[in-house]
Amino acid sequence: MPDTSEDVMSVLTERIEDRFQMPIADLRRAVEAAPQANPEATTLVHWHGLLTETQQALDTAEDALVEALGTQPADVLDDPVMELAHQVNSAVASRDGRAMVVNYLLDPNAPGKRGPGTWRGASPATRRAPALPTSPPTLPSARNTTAHGAAR
């Protein structure tokens, strides 16, 4: 079975390196030196760091589970082993969630990222007049109402 954790990390790291045309270690140093210089790079380096931490936690949880399974009879899974399996599942979910964030940040065509300020209609070009009138309605004058009522 292929190691998908290495695939996730390597694919996303490669995409970040391609985007900024430098190795991730160099990008991390550049962001640490000048975090305000490129907000996109700063955000991606932050989330890549979180993804790396989660991947390390997943690797540790998987190693502990494999070790525990090696000491158990094949047909018996006790509570400590099941707890380790739950830890692996939680770590996978965390890693996958963070990988989705990094993937979203790398996608320039992701929903909400098309053009300046398109999120929640913040762009002046997308602002329109209110759907409902904002001024109180004017009441017809009494003279027009009386004449209208007499004509019936």
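Is aspartate 26 buried, partly exposed or exposed? Select aspartate 26: with a relative accessibility of 33%, aspartate 26 counts as partly exposed (buried means under 20% relative accessible area, exposed over 50%, partly exposed in between, with a 1.4 Å probe and protein chains only).

Before moving on, note that this is a predicted model, where local features need pLDDT of at least 70, side-chain atom pairs count only at pLDDT 80 or more, and totals for chains, interfaces and linings use all residues. Residues are numbered from 1 along each chain as its sequence is written, and side-chain values use heavy atoms, with hydrogens and water left out.

Helices here are DSSP runs of H or I, at least four residues, numbered from the N terminus.

How many salt bridges does the structure hold? There are 3.

Next, pick glutamate 40 and arginine 19, whose closest N and O atoms are 2.1 Å apart in another salt bridge. Glutamate 40 belongs to helix α3 (residues 39-71) and arginine 19 to helix α1 (residues 4-20), so this pair ties together parts 21 residues apart in sequence.

Last stop: aspartate 96 and arginine 95, a salt bridge at 2.8 Å, N to O. Aspartate 96 is partly exposed at 34%, whereas arginine 95 is buried at 5% relative accessibility.

Methods
A salt bridge is a side-chain nitrogen of Lys or Arg within 4 Å of a carboxyl oxygen of Asp or Glu. Helices (H or I, at least four residues) and strands (E, at least two) are DSSP runs, numbered from the N terminus.
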